[in-house]
Amino acid sequence: MVVTISKTSQNRTISCNSAINHFTKQSPSSQRFLSIKALSILVIWFPIIREVISRQIKAGTQLIIALDRTQWKEYNVLMVSAIYQKRAFPIFWTLLDKQGASNLAEQQQVVRPVIRLLKKYKLVIIGDREFHNIELAQWLHRQHLSFVLRQKGNTTFREKKQPFQALSSIPLKPGIHLFYPLINLTQNKGFSRFNLVASWKRKYKGKPEDEPWYLLTNLPDLKSANKIYAQRYGIEAMFKDCKTGGYNLEGSQASPDKLIVLMILIALAMTAAWLQGKRTKLQGQEKYVCRPQETGRTRRRHSNFWIGLYGENWLIGFDSCQEWVESMLSFVRNKKSFYQKGLRAIKLIGQPL
């Protein structure tokens, strides 16, 4: 996703990622831009992310939607994201005018627009222990949505005609996975009966999990609930990219209203970088951006986002030293064929999305 402007006799490409650095510096021009009231999530971001998702995911298929909250300096951000290929893409977000956990009304406020936007998909809402309340589960069920919500260990549950007990009393150890159909959660009356998964993974990334998962769900089986909830970790990578791992949002001095607009720009840049990286890998050109493989490493070394982000830096670096490189080729003519391959890679990577 690029903007092309003319400068003397040359055309120079400015990407979303380069623009983010400008806006986080809070110059007078960036302050004026961030103050434009027409820049809203619904007007600017929703049409773009809907188009991106429609091109990546077929309508009618399952789409995992994650609820999460993060703290950026003094700002408390409640966010809804779509998870695809172990990656989270921001859909809708709001700043809470308080510290601490969100409540049911605030959670409904951010989920409703997403339901309308992605009505062509089979949505599954997932959330960590902050979103454990049974009222949220009931509300999602009434919206005909599937859900997997992690519960706190001290929450009580009851199987049919059995006494209430705390979830933490379930006899679990690493490698044990249990499924309880149609249980009552909490001792308050009037709540619907949903399924419960009690699961303790043996290992995650080579290390045993510190504690089990207690998952409340209306999905019909243990395997589906575990598999879907495990994808929640994609949102941690997204938050890292927004912060020190990518765009350094924590370094911004924006006011709350301007921060919302800045986050729209970051969402644009982040999505564009992911799309660019994915295309670069499909074209087989990632070797020019990074070392894709490493001895003794089984997992992929770099994500689509990283390749897209640093692919831009590679193009900028080449633009700065092209004349110097071409002058050096006169001394090592046998390297010209490799240089021509690199020029082709530059052309492919630099194409607008």
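**Strand 3 and its partners**

I started with strand 3 and strand 6, which run parallel and are joined by six bridges. I took strands, like helices, as DSSP runs numbered from the N terminus (E, at least two residues, for strands; H or I, at least four, for helices). Two strands pair if DSSP finds at least two bridges between them. I looked up one partner: leucine 63 is bridged to leucine 123 in strand 6.

The model is a predicted one, in which local features need pLDDT of at least 70 and side-chain atom pairs count only at pLDDT 80 or more, while totals for chains, interfaces and linings use all residues. Residues are numbered from 1 along each chain as its sequence is written, and side-chain values use heavy atoms, with hydrogens and water left out.

Next I checked strand 4. Strand 3 pairs with strand 4 over nine bridges, in the antiparallel sense. Alanine 66 stands opposite serine 81 of strand 4. The two strands form a hairpin with two residues between them. In that turn, lysine 73 has a positive phi of about 55°.

For burial I used relative accessible area: buried is under 20%, exposed is over 50%, and partly exposed is in between (1.4 Å probe, protein chains only).

The open sheet has 10 strands, in the order 5-4-3-6-7-12-11-10-8-9, and its pairing is mixed. Strand 5 (87–96) and strand 9 (165–166) are the edge strands, each pairing on one side only.

Strand 6 pairs with strand 7 in the parallel sense, over four bridges. Isoleucine 125 faces phenylalanine 147 of strand 7 as its opposite number. Four of the five residues of strand 7 (residues 146–150) are buried, so this strand too is largely enclosed by the rest of the structure.

Further along, strand 8 (residues 156–158) and strand 10 (residues 177–185) run antiparallel, joined by two bridges. Arginine 158 stands opposite asparagine 184 in strand 10.

**Helices on the sheet**

Which strands does helix 3 touch? Helix 3 packs on the sheet and touches strand 3 (62–72), strand 4 (75–84) and strand 5. I counted a contact as heavy atoms within 4.5 Å. The direction of helix 3 makes about 160° with that of strand 5. Axes are lines fitted to C-alpha atoms, for helices over the stretch in contact, and angles run from 0 to 180 degrees between N-to-C directions.

Helix 4 (residues 104–117) also packs on the sheet, touching strand 3, strand 4, strand 5 and strand 6 (122–127). Its direction makes about 135° with that of strand 5.

I went back to helix 3 (residues 41–56) for its burial. Its buried residues are Ile41, Trp45, Phe46, Ile49, Val52 and Ile53. Seen down the helix axis, they fall within an arc of 140°, so they line one face of helix 3. The arc is that of the directions from the helix axis to the C-beta atoms. Val43 and Arg55 are exposed, on the other side of helix 3.

Isoleucine 48 is in helix 3 as well. With 27% relative accessibility, isoleucine 48 counts as partly exposed.

**The largest cavity**

I looked for cavities on a 1 Å grid over the protein atoms alone, where a cavity is a set of points that a 1.4 Å probe fits but cannot leave, and lining residues have an atom within 4 Å of a point. The largest has a volume of about 80 Å³. A volume here is the space filled by probe spheres set on the points, which are joined across faces, edges and corners. Its lining includes Val52, Ile53, Leu63, Phe89 and Trp274. Helix 3 and strand 4 each supply at least two lining residues.

**Two loop lysines**

Most residues other than glycine have a negative phi. Lysine 86 has a positive phi of about 60°. It sits in the loop between strand 4 and strand 5 and is exposed, at 67% relative accessible area. Lysine 161 has a positive phi of about 65°. Lysine 161 lies in the loop between strand 8 and strand 9 and is exposed, at 77%.

Methods:
1 Å grid on protein atoms, 1.4 Å probe; cavity = no way out; pocket = protein on both sides within 12 Å on 5 of 7 lines; lining within 4 Å.
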